[in-house]
Amino acid sequence: MKIDEAIRIVEPHLTQKRFEHTLRVKDTAINLAKLYDESIEKAELAAVFHDYCKYRSLDEMERIIKTTSLPKDLLNFHHELWHGPVASVLIDQEYGIDDGEIKQAIYSHTTGRANMSKLEMIIFLADYIEPGRDFPGVVDVRETAKKDLVLACWMASKNTISFLMKKNATIYPDTFYAYNDLTKRTNGGNGIYGK
Ligand code: DGI
Ligand code: FE
Ligand code: FE
(Lines give C-alpha, C1' and ligand atoms only; values in the text may rest on other atoms or scores of the structure.)
(Ligands and ions follow the chains in the order given, each with its own letter.)
Protein backbone atom coordinates (compact mmCIF):
# COMPACT_ATOMS: atom_id res chain seq x y z
CA MET A 1 0.00 0.00 0.00
CA LYS A 2 1.21 3.50 -0.84
CA ILE A 3 1.94 5.66 2.16
CA ASP A 4 -0.48 8.43 1.11
CA GLU A 5 -3.31 5.92 0.98
CA ALA A 6 -2.36 4.59 4.43
CA ILE A 7 -2.42 8.11 5.86
CA ARG A 8 -5.83 8.78 4.30
CA ILE A 9 -7.20 5.56 5.81
CA VAL A 10 -5.85 6.19 9.31
CA GLU A 11 -6.65 9.90 9.72
CA PRO A 12 -10.45 9.60 10.30
CA HIS A 13 -9.87 6.99 13.02
CA LEU A 14 -7.74 9.31 15.14
CA THR A 15 -8.05 12.60 16.98
CA GLN A 16 -6.12 15.50 15.48
CA LYS A 17 -3.47 15.20 18.23
CA ARG A 18 -3.09 11.47 17.76
CA PHE A 19 -2.87 11.91 14.00
CA GLU A 20 -0.07 14.45 14.42
CA HIS A 21 1.69 12.03 16.81
CA THR A 22 1.34 9.34 14.14
CA LEU A 23 2.97 11.53 11.48
CA ARG A 24 5.84 12.32 13.87
CA VAL A 25 6.28 8.59 14.62
CA LYS A 26 6.40 8.02 10.84
CA ASP A 27 9.14 10.63 10.34
CA THR A 28 11.10 9.32 13.33
CA ALA A 29 10.76 5.72 12.11
CA ILE A 30 12.01 6.73 8.64
CA ASN A 31 15.07 8.37 10.20
CA LEU A 32 15.79 5.28 12.30
CA ALA A 33 15.28 3.00 9.29
CA LYS A 34 17.87 5.00 7.32
CA LEU A 35 20.28 5.00 10.23
CA TYR A 36 19.99 1.28 10.93
CA ASP A 37 19.54 0.03 7.37
CA GLU A 38 15.93 -1.16 7.60
CA SER A 39 13.27 -0.96 4.87
CA ILE A 40 11.89 2.60 4.82
CA GLU A 41 8.64 1.39 3.22
CA LYS A 42 7.99 -1.11 6.01
CA ALA A 43 8.95 1.33 8.75
CA GLU A 44 6.67 4.09 7.48
CA LEU A 45 3.69 1.79 6.88
CA ALA A 46 4.02 0.21 10.33
CA ALA A 47 4.34 3.68 11.90
CA VAL A 48 1.27 5.06 10.13
CA PHE A 49 -0.89 2.13 11.30
CA HIS A 50 0.63 1.65 14.79
CA ASP A 51 -2.17 3.49 16.65
CA TYR A 52 -4.89 2.73 14.08
CA CYS A 53 -7.10 1.05 16.73
CA LYS A 54 -6.36 3.43 19.62
CA TYR A 55 -9.97 4.66 19.71
CA ARG A 56 -11.88 1.45 18.98
CA SER A 57 -14.54 0.69 21.54
CA LEU A 58 -13.55 -1.67 24.33
CA ASP A 59 -16.37 -3.99 23.25
CA GLU A 60 -15.05 -4.24 19.72
CA MET A 61 -11.46 -4.83 20.83
CA GLU A 62 -12.60 -7.44 23.34
CA ARG A 63 -14.57 -9.23 20.64
CA ILE A 64 -11.58 -9.27 18.28
CA ILE A 65 -9.29 -10.62 21.00
CA LYS A 66 -11.82 -13.34 21.84
CA THR A 67 -12.53 -14.41 18.26
CA THR A 68 -9.05 -14.36 16.69
CA SER A 69 -5.74 -16.00 17.56
CA LEU A 70 -4.69 -13.06 19.77
CA PRO A 71 -3.63 -14.09 23.31
CA LYS A 72 -6.61 -14.13 25.66
CA ASP A 73 -4.51 -13.02 28.64
CA LEU A 74 -4.56 -9.49 27.16
CA LEU A 75 -8.07 -9.28 28.59
CA ASN A 76 -6.67 -9.61 32.12
CA PHE A 77 -4.54 -6.50 31.66
CA HIS A 78 -5.17 -2.82 31.01
CA HIS A 79 -7.10 -2.10 27.80
CA GLU A 80 -4.33 0.31 26.78
CA LEU A 81 -2.43 -2.83 25.79
CA TRP A 82 -5.06 -3.99 23.31
CA HIS A 83 -4.81 -1.47 20.46
CA GLY A 84 -1.53 -2.77 18.97
CA PRO A 85 -2.50 -6.45 18.82
CA VAL A 86 -5.99 -5.57 17.55
CA ALA A 87 -4.55 -3.31 14.83
CA SER A 88 -2.17 -6.08 13.71
CA VAL A 89 -5.24 -8.25 12.97
CA LEU A 90 -7.52 -5.56 11.51
CA ILE A 91 -5.06 -4.10 8.97
CA ASP A 92 -4.85 -7.56 7.43
CA GLN A 93 -8.61 -8.22 7.57
CA GLU A 94 -9.63 -4.78 6.32
CA TYR A 95 -6.81 -3.76 3.94
CA GLY A 96 -4.95 -6.99 3.17
CA ILE A 97 -1.72 -5.82 4.81
CA ASP A 98 -0.33 -9.29 5.47
CA ASP A 99 3.38 -8.55 5.84
CA GLY A 100 4.33 -10.46 8.99
CA GLU A 101 7.12 -8.06 9.95
CA ILE A 102 4.86 -5.01 9.73
CA LYS A 103 2.06 -6.76 11.64
CA GLN A 104 4.48 -7.85 14.36
CA ALA A 105 5.92 -4.34 14.75
CA ILE A 106 2.40 -2.93 15.22
CA TYR A 107 1.48 -5.79 17.54
CA SER A 108 4.34 -5.16 19.97
CA HIS A 109 4.71 -1.38 19.81
CA THR A 110 3.29 -0.76 23.31
CA THR A 111 4.96 -3.50 25.34
CA GLY A 112 7.88 -4.69 23.25
CA ARG A 113 8.70 -8.38 23.66
CA ALA A 114 11.73 -10.69 23.76
CA ASN A 115 13.81 -11.00 20.58
CA MET A 116 12.40 -7.95 18.84
CA SER A 117 13.38 -7.58 15.19
CA LYS A 118 15.05 -4.41 13.95
CA LEU A 119 11.72 -3.17 12.56
CA GLU A 120 9.96 -3.85 15.88
CA MET A 121 12.63 -1.93 17.78
CA ILE A 122 12.37 0.98 15.33
CA ILE A 123 8.60 1.31 15.84
CA PHE A 124 8.82 0.74 19.61
CA LEU A 125 11.49 3.43 19.88
CA ALA A 126 10.01 5.90 17.37
CA ASP A 127 6.75 5.87 19.37
CA TYR A 128 8.72 6.66 22.53
CA ILE A 129 11.09 9.37 21.22
CA GLU A 130 9.04 11.22 18.57
CA PRO A 131 9.65 14.96 19.04
CA GLY A 132 6.27 15.58 20.71
CA ARG A 133 7.13 13.33 23.69
CA ASP A 134 8.43 14.86 26.89
CA PHE A 135 8.70 11.99 29.38
CA PRO A 136 11.45 12.32 31.99
CA GLY A 137 14.62 10.90 30.44
CA VAL A 138 13.44 11.06 26.84
CA VAL A 139 16.26 13.43 25.83
CA ASP A 140 18.86 10.81 26.80
CA VAL A 141 16.97 8.10 24.91
CA ARG A 142 16.79 10.35 21.82
CA GLU A 143 20.53 10.96 21.92
CA THR A 144 21.25 7.25 22.39
CA ALA A 145 18.91 6.38 19.50
CA LYS A 146 21.39 8.07 17.13
CA LYS A 147 24.15 5.65 18.14
CA ASP A 148 22.73 2.38 19.48
CA LEU A 149 19.23 1.07 18.66
CA VAL A 150 19.22 -1.75 21.22
CA LEU A 151 20.58 0.39 24.05
CA ALA A 152 17.98 3.10 23.33
CA CYS A 153 15.18 0.48 23.40
CA TRP A 154 16.53 -0.84 26.68
CA MET A 155 16.42 2.67 28.17
CA ALA A 156 12.84 3.19 26.94
CA SER A 157 11.77 -0.19 28.31
CA LYS A 158 13.38 0.47 31.67
CA ASN A 159 11.82 3.95 31.94
CA THR A 160 8.37 2.56 31.08
CA ILE A 161 8.58 -0.21 33.68
CA SER A 162 9.77 2.26 36.35
CA PHE A 163 6.92 4.61 35.44
CA LEU A 164 4.35 1.80 35.62
CA MET A 165 5.68 0.53 38.94
CA LYS A 166 5.52 4.02 40.45
CA LYS A 167 1.84 4.08 39.45
CA ASN A 168 1.30 0.57 40.94
CA ALA A 169 0.14 -0.59 37.52
CA THR A 170 0.19 -4.25 36.61
CA ILE A 171 2.80 -5.05 33.98
CA TYR A 172 2.11 -7.35 31.05
CA PRO A 173 4.57 -10.27 30.68
CA ASP A 174 5.83 -9.08 27.25
CA THR A 175 6.80 -5.76 28.85
CA PHE A 176 9.08 -7.64 31.27
CA TYR A 177 10.28 -10.04 28.56
CA ALA A 178 11.34 -7.03 26.48
CA TYR A 179 13.24 -5.53 29.41
CA ASN A 180 14.97 -8.81 30.32
CA ASP A 181 15.97 -9.56 26.74
CA LEU A 182 17.22 -6.00 26.08
CA THR A 183 19.13 -6.07 29.37
CA LYS A 184 20.95 -9.19 28.21
CA ARG A 185 21.53 -7.79 24.73
CA THR A 186 23.01 -4.56 26.12
CA ASN A 187 24.70 -6.16 29.09
CA GLY A 188 22.58 -4.03 31.37
CA GLY A 189 23.68 -0.85 29.65
CA ASN A 190 27.02 -0.87 31.42
CA GLY A 191 28.37 -4.37 31.50
CA ILE A 192 28.08 -4.84 35.28
CA TYR A 193 24.74 -6.50 35.83
CA GLY A 194 24.47 -8.41 32.62
CA LYS A 195 23.14 -11.76 33.83
O1 DGI B 1 -0.43 4.62 22.02
P2 DGI B 1 0.58 5.62 22.53
O3 DGI B 1 0.00 6.51 23.60
O4 DGI B 1 1.25 6.39 21.46
O5 DGI B 1 1.76 4.79 23.24
P6 DGI B 1 1.82 3.24 23.64
O7 DGI B 1 1.10 2.39 22.66
O8 DGI B 1 3.29 2.96 23.84
O9 DGI B 1 1.04 3.03 24.99
C10 DGI B 1 0.91 3.89 25.97
C11 DGI B 1 0.86 3.38 27.37
O12 DGI B 1 0.93 1.98 27.59
C13 DGI B 1 2.01 4.00 28.12
O14 DGI B 1 1.45 4.91 29.06
C15 DGI B 1 2.69 2.88 28.81
C16 DGI B 1 1.62 1.83 28.80
N17 DGI B 1 2.15 0.48 28.97
C18 DGI B 1 3.20 -0.14 28.37
N19 DGI B 1 3.40 -1.37 28.85
C20 DGI B 1 2.44 -1.55 29.80
C21 DGI B 1 1.63 -0.39 29.86
N22 DGI B 1 0.60 -0.23 30.73
C23 DGI B 1 0.33 -1.25 31.57
N24 DGI B 1 -0.66 -1.11 32.45
N25 DGI B 1 1.05 -2.40 31.54
C26 DGI B 1 2.10 -2.62 30.69
O27 DGI B 1 2.73 -3.68 30.69
FE1 FE C 1 0.10 2.97 20.83
FE1 FE D 1 1.74 5.86 19.45
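**Entry 1: contacts of ligand 1.** I began with Y172, where a backbone N or O atom lies 2.8 Å from an oxygen atom of ligand 1; I keep in mind that this is a predicted model. I then looked up T175, and found one of its polar side-chain atoms 2.8 Å from an oxygen atom of ligand 1. For H109, I noted that an N or O atom of the side chain is 3.0 Å from an oxygen atom of the ligand.

Entry 2: I counted 18 residues surrounding ligand 1, and the closest are R18, K54, T110, Y172 and T175. Sorting the shell by class, I wrote down 8 polar, 6 charged and 4 nonpolar residues. Two helices, α2 (16–35) and α9 (149–166), each supply at least two residues of this shell. As to where the ligand is placed, I found ligand 1 in the largest pocket.

Entry 3: The space in the largest cavity comes to about 50 Å³. I listed its lining as L74, L81, P85, Y107, T110, T111, Y172 and D174, which by class gives 5 nonpolar, 2 polar and 1 charged residues. Going back over my notes, I saw that T110 and Y172, which are among the residues lining the largest cavity, are also among the closest to ligand 1.

Definitions and conventions. Residues numbered from 1 in each chain as written. Chains lettered and ligands numbered in written order. Predicted model: local features only at pLDDT ≥ 70, side-chain atom pairs only at ≥ 80, totals over all residues. Heavy atoms only, no water. Near = heavy atom within 4 Å. Polar contact = N/O pair within 3.5 Å; in protein donor to acceptor, adjacent residues only side chain to side chain. 1 Å grid on protein atoms, 1.4 Å probe; cavity = no way out; pocket = protein on both sides within 12 Å on 5 of 7 lines; lining within 4 Å. Sits in = over half its atoms within 2 Å of the grid points. Helix = DSSP H or I, 4+ residues; strand = E, 2+ residues; numbered from the N terminus. Nonpolar A, V, L, I, M, F, W, Y, C, P; charged D, E, K, R; others polar. Points joined across faces, edges and corners; volume = space filled by probe spheres on them.
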